[in-house]
Amino acid sequence: MCVHVSKLKTFGLVLAVVLLNAVGNLSMAWGMTHLAAIALLNPLDYLKAMLNPYVALGIVLLILWLLTRMTLLSWADLSFVLPLTGLGYVLAAVFGRVFLNESVTASRWIGTFLVFFGTALVGMTRQKTPAVAGDSQ
Amino acid sequence: MKWLLLAVIVVATVLGDLLQSYEMKRSGEQAANARGLARLLRMIVSRPFLFLGIVCMAISFFAFMALLQAAPLSFAVPASAATFVLETALAKLVLKEEVGARRAAGALLVLGGVVLLAR
């Protein structure tokens with residue numbers, strides 16, 4: 001069960017995790033805006049919200065996000081995964097611009113650059129701390 | 001109210017991630033396919049720590065939704081993103097991960113970027 005996972009494969013899974021989260025959230029948010037009338041105070045309202053196809057799709061995608069992220073955590077350190085999945089914030093900002101027509105200010109450009117630069121730095125480090133003898137499985 | 005929700009988010013996120021990471025390190029590398037994902041679902045119900053970790057994630061998710069009603073996105077996103085500095089420190093201290101200068105600097109740059117993105 002201790003196959004070595006290449007970094008390229010890990011980056012591929014990071015991309016999948018980031019995309020699932022961003023698209024899942026977008027789908028949920030899209031569905032919820034059409035449910036603005038309901039109060040979401042009692043559990044029944046939550047069930048009603050889940051009947052909306054966009055909300056339902058969002059929930060499925062977010063469950064897949066959780067599971068693929070767990071797989072990623074079995075391949076790499078938490079301190080490696082966290083900054084890399086920070087790329088999702090850039091994607092969320094891009095979605096905000098495309099779907100909500102938000103403007104891209106100078107500080108957002110700088111923010112995007114910092115996230116990419118930080119991600120690249122972390123990406124260069126060793127993805128998994130080797131287990132201490134007798135400590136694994 | 002927003003500070004209480006933020007505290008709930010920080011505690012739940014940190015605990016949820018640490019528990020998940022701890023359990024996933026113990027389980028060895030999992031396959032990224034349908035069978036692997038089905039196996040993870042079974043692991044969630046059979047391992048108490050992992051189950052608790054997922055419960056924490058759910059609490060964090062709903063607390064974040066509530067925070068979005070009580071505060072603007074420009075407060076909610078950077079404030080909750082701050083958890084990953086705490087998590088990086090705890091990953092080193094509790095999970096014994098190798099966090100060198102490069103990884104620490106990268107994490108701080110990403111945090112700075114997230115704060116700017118949310119403005």
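1. Asp17(B) and Arg69(A) form a salt bridge in which the closest N and O atoms are 3.0 Å apart, a salt bridge being a side-chain nitrogen of Lys or Arg within 4 Å of a carboxyl oxygen of Asp or Glu. Asp17(B) belongs to helix 1 (residues 2-27) of chain B and Arg69(A) to helix 3 of chain A, so the pair joins two chains; helices here are DSSP runs of H or I with at least four residues, numbered from the N terminus. Asp17(B) is buried, with a relative accessible area of 2%, and Arg69(A) is buried as well, at 6%, where buried means under 20% relative accessible area, exposed over 50%, and partly exposed in between (1.4 Å probe, protein chains only).

2. This is a predicted model, in which local features need pLDDT of at least 70 and side-chain atom pairs count only at pLDDT 80 or more, while totals for chains, interfaces and linings use all residues. Residues are numbered from 1 along each chain as its sequence is written, chains are lettered from A and ligands numbered from 1 in the order in which they are written, and side-chain values use heavy atoms, with hydrogens and water left out.

3. The whole structure holds eight salt bridges over all chains, and five salt bridges are found across the interface of chain B and chain A. One of the pairs between chains is Glu29(B) with Lys128(A), at 3.8 Å from N to O, which runs from the loop between helix 1 and helix 2 (34-46) of chain B to the segment after helix 6 (106-123) of chain A. Glu29(B) is buried at 9% relative accessibility, whereas Lys128(A) is partly exposed at 22%.

4. Within chain B, the side chains of Lys25(B) and Glu97(B) meet in a salt bridge of 2.5 Å, N to O. The two residues are 72 residues apart, with Lys25(B) in helix 1 of chain B and Glu97(B) in the loop between helix 5 (83-93) and helix 6 (101-117) of chain B. Salt bridges that share partners join Asp77(A), Lys25(B), Glu97(B) and Arg103(B) into one network, and within it Asp77(A) pairs with Lys25(B), their closest N and O atoms being 3.6 Å apart.

5. Which residues touch the most other members of the largest nonpolar core? They are Trp65(A), Met70(A), Val115(A), Met24(B) and Leu40(B), in a core of 48 residues, and helix 3 (residues 53-75) of chain A gives the most to this core, with ten residues. A nonpolar core is a set of buried Ala, Val, Leu, Ile, Met, Phe, Trp, Tyr and Cys residues joined through side-chain atoms within 4.5 Å. Leaving aside neighbours within four places in sequence, Met24(B) is in contact (heavy atoms within 4.5 Å) with residues of both chains, including Met70(A), Leu73(A), Leu40(B) and Met43(B).

6. The contact between the chains takes 47 residues from chain B and 48 residues from chain A. The area buried between chain B and chain A is about 4,100 Å², of which carbon and sulfur atoms give 68%; buried area is the accessible area (1.4 Å probe) that two parts lose on being put together, summed over both. Glu29(B), Arg103(B) and Leu117(B) supply 21% of the area that chain B buries against chain A, more than any other three residues.
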